Amino acid sequence: MNLPMNQVLDRVRPAAWSLVAALIAAPWIAMQITDQVAWTVFDFLLFGALLVGAGLAVELAVRSGASAAYRLAALLALATAAALVVVSGAVGVIASESHPANLMMFGVLALAAGGALLARFRARGLSLALALAAAAQVAAGLTALIAGWGERLDVAMATTLFTGLWAAAAWLFRKAA
């Protein structure tokens with residue numbers, strides 16, 4: 001049975017927004033179980049704003065008349081950006097979350113977001129912007145490895161993961177162009 005995209009979205013939307021709510025509730029539940037999680041009201045507000053903002057951006061991308069490759073690329077890029085923010089703030093991509101080298105991750109995000117704005121969200125420009133984000137992710141990881149910040153394997157794995165996600169989104173946008 002082939003459903004039109006809007007009907008598919010109508011069926012998936014409640015589950016997706018329920019997942020957002022569950023992700024926001026998860027730290028609160030963890031705080032009831034262990035002392036290892038200690039979030040403040042600000043942490044919950046920031047995390048909620050990040051997830052709701054990403055969810056709304058995904059809604060916009062999915063509702064656009066763009067191709068499936070464009071929509072998938074947008075979803076992947078937004079998920080990568082959100083994950084990079086959460087990981088950087090929660091445990092740190094490089095060393096601990098309080099290590100100043102993690103600020104490089106916000107440089108990666110700024111390149112991706114700035115490039116997206118300059119490209120006016122057109123697929124070809126987004127492809128270039130996210131390829132630049134992937135390169136910046138590699139540069140940040142190499143800088144951390146050369147400087148000896150963090151556990152080498154952890155930095156290498158995080159760098160590889162996020163670089164791969166940025167590159168995959170760039171490739172999908174390229175395909176959409």
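Mentor: Let's start with Leu 145, which counts as partly exposed because its relative accessible area is 23%; buried means under 20%, exposed over 50%, and partly exposed in between, using a 1.4 Å probe and protein chains only. Before going on, keep in mind that this is a predicted model, where local features need pLDDT of at least 70 and side-chain atom pairs count only at pLDDT 80 or more, while totals for chains, interfaces and linings use all residues. Residues are numbered from 1 along each chain as its sequence is written, and side-chain values use heavy atoms, with hydrogens and water left out.

Back to our leucine. Leu 145 sits in helix H5; helices here are DSSP runs (H or I, at least four residues), as are strands (E, at least two), numbered from the N terminus. If you skip neighbours within four places in sequence, Leu 145 is in contact with Arg 152 and Val 155, where contact means heavy atoms within 4.5 Å. Now find Ile 94: it is 51 residues from Leu 145 in sequence, yet their C-alpha atoms are 9.1 Å apart in space.

Take Val 93, which touches Leu 84, Val 87, Ser 88, Asn 102, Met 105, Val 155, Ala 158 and Phe 162, leaving out residues up to four places away in sequence. So Val 155 turns up in the contacts of both Leu 145 and Val 93, with contact as defined above. Val 93 is also among the residues with the most contacts inside the largest nonpolar core, along with Leu 84, Leu 130, Trp 166 and Phe 173. That core has 30 residues; a nonpolar core is a set of buried Ala, Val, Leu, Ile, Met, Phe, Trp, Tyr and Cys residues joined through side-chain atoms within 4.5 Å. H3, helix H4 (103–118), helix H5 (123–147) and helix H6 (152–176) each give two or more residues to the core.

Next comes Ala 95, in the loop between H3 and H4. Ala 95 isn't a glycine, but it has a positive phi of about 55°. With a relative accessible area of 31%, Ala 95 is partly exposed.
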